[in-house]
Amino acid sequence: MNKPILVTRSSMPSLEEYIEEIRDIWESHQLTNMGEKHQKLQKELCSYLDVDQIELFTNGHMALELSMQAMHLQGEVITTPFTFASTTHAIVRNGLEPVFCDINPEDFTIDVSKIEDLITDRTCAIAPVHVYGNICDVEEIERIAGKYGLKVIYDAAHTFGVTYKGRGIGSFGDASCFSFHATKVFNSIEGGAVSYTDADFGLELYRLKNFGIRGPEVVDGIGANAKMNEFCAAMGLCNLKHVDKEIEKRAAVAGIYRKLLEGVDGLTLNPEQDGVKPNYAYFPVVFDEKRFGASRNEVFARLADEGIFARKYFYPLTNSFSCFHGKYDVNETPKALYVSKRVLTLPMYAELAPEEAERIGRIVLACGK
Ligand code: T4K
């Protein structure tokens, strides 16, 4: 029996490299609270992500939640339900009302042609999601936000290193929130960051992640604790050195899948977007059962029989979560509903061997007619 293959596998530096990076922590005893590693990672990430400023966090979720809080938003936020729980929860946990917009079934991001119809006098912001590394229509979102005076907070958890027209994706909108979770293209074990340009917003974010402390004897905000610690920052510093190579290896895996599955009747693959440098974060396939001859769930089960654990990211839709007690209607986002019932993300990580990717692709193919 082959070793199980999971949907992803964390990238890690060599043990020696990590030990070397954390060695001086044993001299400084600075374990957390914006130490040297934190500051260094912050600087290096600004440059890698091609953004003005960033603030580091314990995880991508706190980056999102505290970004919304730092903007002092009130009312409704237009977002999509085809995302991880985090996006919707960040809105609701801020006492804001999510208003769900449908997605484009081609690239899984917010359908910008539907945003304006959802704007009311209570709308304060748009929280679009760059899904699987695909970017939203940032230009149209900027136009709409400008016209109606709305804030834009991008969930950029999946778009580490992605650029659009040569510009870092985190430089669009008022804030872009990245995740550096173990399962992401770039990880700091757990971690996250917000990129932004407005210095006052940055100050507010900093205070929110550190108890609202302004100085040793001044606490003028009611903040949380969401600081990245030095061990996570050290992991980030190590992984950052290898991330370009990792993305290259992911591209090779995507190439193998694409060669086998592209053009097969009933299968829709992730698009290649114009002007975008991709990061190959995920490899989603949408299954049209009638044309392909097998449903998403059948392919999922067949792969599992072979010890291959693909995932149904993102099923169910967040607007169907039981925690919302039926408050939202999934039928208002029919395209998101259609995709969530049919999509499967295949295993994707740098160390996935070409022959394993080939085997996975062939098993998927064999499920069809
Ligand atoms: N917005 C979006 C759009 C997101 O996708 C996410 C996170 C966020 C916001 C929030 O960011 P964070 O607060 O998480 O930084 C995973 C991740 O936990 C989550 O970060 C991610 N999205 C989501 C899409 O996937 P699960 O529950 O599916 O993870 P889990 O534990 O089943 O892991 C998946 C596979 O990854 C495992 O089968 C093996 C591999 N793995 C996992 C871990 C934890 C490793 O190789 N190493 C590990 O340490 O949620």
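Predicted model: local features only at pLDDT ≥ 70, side-chain atom pairs only at ≥ 80, totals over all residues.

Tutor: Helices (H or I, at least four residues) and strands (E, at least two) are DSSP runs, and they are numbered from the N terminus. Residues are numbered from 1 along each chain as its sequence is written, and side-chain values use heavy atoms, with hydrogens and water left out.

Student: What makes the peptide bond from Tyr315 to Pro316 worth a remark?

Tutor: That bond is cis, with omega near -5°. The peptide bond from Tyr313 to Phe314 is cis too, with omega near 5°, and Phe314 lies in the loop between strand 16 (308-309) and helix 12 (334-340). These bonds are worth a remark because most peptide bonds are trans.

Student: What is the phi of Phe108?

Tutor: Phe108 is not a glycine, and yet its phi is positive, about 70°. Most residues other than glycine have a negative phi. Phe108 sits in the loop between strand 4 and helix 6 (115-118).

Student: Into which domains is the protein chain divided?

Tutor: The chain is divided into domain 1 (15-238) and domain 2 (242-366), with bounds that come from an automatic or database domain assignment. Taken over C-alpha atoms, the centres of the two domains are 25 Å apart.

Student: How many residues of domain 1 and domain 2 are in contact?

Tutor: Contact means heavy atoms within 4.5 Å, and by that rule 39 residues of domain 1 are in contact with 36 residues of domain 2. Between them the domains bury about 3200 Å², 61% of it on carbon and sulfur atoms; buried area is the accessible area (1.4 Å probe) that two parts lose on being put together, summed over both. Asp102, Tyr132 and Val185 supply 21% of the area that domain 1 buries against domain 2, more than any other three residues.

Student: Why is the meeting of Lys327 and Glu97 called a salt bridge?

Tutor: The definition asks for a side-chain nitrogen of Lys or Arg within 4 Å of a carboxyl oxygen of Asp or Glu. The side chains of Lys327 and Glu97 meet at 3.5 Å, N to O, so the pair qualifies. The count between domain 1 and domain 2 is 1 salt bridge.

Student: Which residues come nearest to the ligand?

Tutor: A residue is near a molecule if one of its heavy atoms lies within 4 Å of it. Of the 23 residues around the ligand, Asp155, His158, Ser179, Arg311 and Tyr313 come nearest. An N or O atom in the side chain of His158 is 2.8 Å from an oxygen atom of the ligand, and a backbone N or O atom of Gly60 lies 2.9 Å from an oxygen atom of the ligand.

Notes: Polar contact = N/O pair within 3.5 Å; in protein donor to acceptor, adjacent residues only side chain to side chain.
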